[in-house]
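Welcome! Please take a look at the sequence and the structure below, and then we can walk through a few parts together.

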Amino acid sequence: MKKEILLINPRIGLTQSLTPHLGLAVLATRLEQAGHTVVTLDYSAEHSTPPLDECLRRYEPDFVGITGLTSGVGIVRRLISIIGRYNENIVVALGGPHATLYPEDLRAIADLDYIVQGEAEDRIADLVDAAVAGQFPEIVSCERPPIDKFPMPSFCSFHNFQNISVYPLLTSKGCPFNCSFCSVHKITSRAWRRRRIDDCIEEVSEARHYLPRLRHVRIIDDEPAVDRERFQLLLSRFAEARRGLSLEIVNLRAKDITQETLGLMREAGVFEVCFGVEHGNPTVFEHIEKGETLEDIARAAELVKSSGLFLRCCFIVGLPFDSYERTLESIEFAKKIKADFIHWNSFIPLRGTRAADWFSAHGRVFDTKEQFSLSGSGGFFVPEPCVETDDFKKEDRKKAYALALLETGSYVLTPRGLVEILRAMFRYELYASTLKSLVRQPGRIFKTLLRFRKAGLLSGYARRYFKGTFSQSSAGE
Ligand code: SF4
């Protein structure tokens with residue numbers, strides 16, 4: 001029987017994304033192929049999406065599928081309760097990384113019917129066909145489907161899909177490395193699965209036909225360069241086919257960066273390189289077991305900077321063996337490699353990771369994992385730490401995190417953010433760092449604008465900045 005289906009990606013906190021949710025677009029394809037009607041509400045990427053209660057009245061769905069990160073579970077709970085209040089007969093399924101890692105945390109949510117673990121693209125149509133509103137949520141575990149059958153994602157189901165300017169491209173899944181804090185092995189696995197390059201290029205060509213504002217492609221693989229030869233071929237093929245599109249690759253490792261690869265990246269329209277550093281103190285870094293060294297990181301940073309590309313890096317505050325003093329070293333390392341943009345994450349002990357086990361044995365784990373940890377995309381924000389040790393207590397972690405943001409200017413200045421900055425300045429007595437940071441902001445804003453201009457996304461970014469800053473954009477509630 002044909003059903004009306006809503007798929008939802010909630011907006012988390014202050015996040016402002018230009019990238020629509022690929023997983024929901026893939027599910028939409030499968031559901032449309034099965035004859036259902038799908039509307040996708042991506043509150044994270046499309047701020048004109050109407051609030052959920054209005055969409056429920058407008059579309060009268062039989063089934064609602066929601067995706068959720070661990071940091072977004074609070075908003076997911078609120079959305080489910082809105083659906084339940086509107087009509088308790090609507091079947092609600094929740095998937096995504098949090099449902100995969102913590103299914104039992106979700107069992108108590110009233111009005112939730114299914115908790116979907118794993119990659120659901122091969123199961124979703126059957127699930128919708130058989131779905132009934134139940135008393136308690138049922139856990140549905142999905143096998144990992146073969147990636148060569150990856151369907152063409154359907155972004156046409158997205159509210160105002162004509163506004164999409166960034167295309168999320170998946171060329172492979174999984175990562176064979178084993179960083180102590182990372183849960184990728186639980187979500188997409190350590191087995192690296194690759195798509196055919198021809199299929200990836202064809203997908204982008206197809207997208208240009210129905211996305212009139214498309215300017216930029218983002219490769220969102222867990223680790224796209226496991227096979228360097230294939231990665232270089234992918235870059236060459238994209239360079240031939242791109243016709244003005246810019247390219248971004250979000251998850252690289254320092255060891256992937258070579259002179260030759262950087263040359264190919266430039267031809268493919270890449271304007272910045274992003275890789276994970278995680279920590280600049282040798283002891284903390286060594287215990288991550290990244291399979292590379294701080295020297296590898298410094299060498300890769302040097303190569304990127306001398307090639308004229310922007311350098312973006314990810315760091316984590318609060319890993320095992322970290323301390324306030326070691327975070328200061330990490331900040332110095334970040335400055336030394338001259339990264340143009342840094343995402344400072346506050347450590348979250350994700351289930352099934354060695355780092356989480358370490359804190360269970362050597363520290364204390366708080367029930368705050370659902371709090372948002374990435375500040376760089378949404379203004380100045382100091383999250384509640386999820387862990388502490390005797391050597392590195394909660395308040396010191398917050399102070400270290402605030403200092404990292406200030407010293408490296410890793411935030412987008414907004415009126416709301418300015419209040420938070422001043423609060424942190426007085427609370428942690430960070431007067432000199434705060435003043436220095438604010439004085440440097442005009443330069444940072446200029447660099448950020450330049451970055452978006454190179455991606456062809458300046459007007460989209462400006463629109464989102466002003467909407468996010470001066471209005472209470474809908475998070476779906
Ligand atoms: S390289 Fe990246 S994806 Fe792979 S285990 Fe490390 S952090 Fe996770």
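## Around the ligand

How do the residues of the shell around the ligand divide into nonpolar, polar and charged? This is a predicted model, and in it the shell holds 6 nonpolar residues, 1 polar residue and 2 charged ones.

Here are their names, so that you can find them. The ligand is surrounded by Cys-175, Phe-177, Asn-178, Cys-179, Phe-181, Cys-182, Val-184, Asp-222 and Arg-253.

## A pair of strands

Next, look for strand E10 (residues 216–219) and strand E11, which run parallel and are joined by 4 bridges. In one of these pairings, Ile-219 has Ile-249 of E11 as its bridge partner.

Strand E11 covers residues 246–249. Ser-246 and Glu-248 point one way from the strand, while Leu-247 and Ile-249 point the other way. All four residues named here are buried.

## Helix H15

Now move along to helix H15, which spans residues 415–428. Its 14 residues reach 20 Å from the first C-alpha to the last, close to the 20 Å expected at 1.5 Å a residue.

Which residues of H15 are buried? They are Gly-417, Ile-421, Ala-424, Met-425 and Tyr-428. Seen down the axis of H15, these buried residues fall within an arc of 100 degrees, so they line one face of the helix. They pack against helix H14 (394–408) and helix H16 (431–454).

On the other side of H15, you will find Arg-423, Phe-426 and Arg-427 exposed. Just after the helix comes Glu-429, which takes a positive phi of about 55 degrees.

Methods. Residues numbered from 1 in each chain as written. Predicted model: local features only at pLDDT ≥ 70, side-chain atom pairs only at ≥ 80, totals over all residues. Heavy atoms only, no water. Helix = DSSP H or I, 4+ residues; strand = E, 2+ residues; numbered from the N terminus. Expected span 1.5 Å × (residues − 1). Buried < 20%, exposed > 50% of the residue type's maximum accessible area, 1.4 Å probe, protein only. Arc of directions from axis to C-beta. Contact = heavy atoms within 4.5 Å. Near = heavy atom within 4 Å. Nonpolar A, V, L, I, M, F, W, Y, C, P; charged D, E, K, R; others polar. Pairing = 2+ DSSP bridges.
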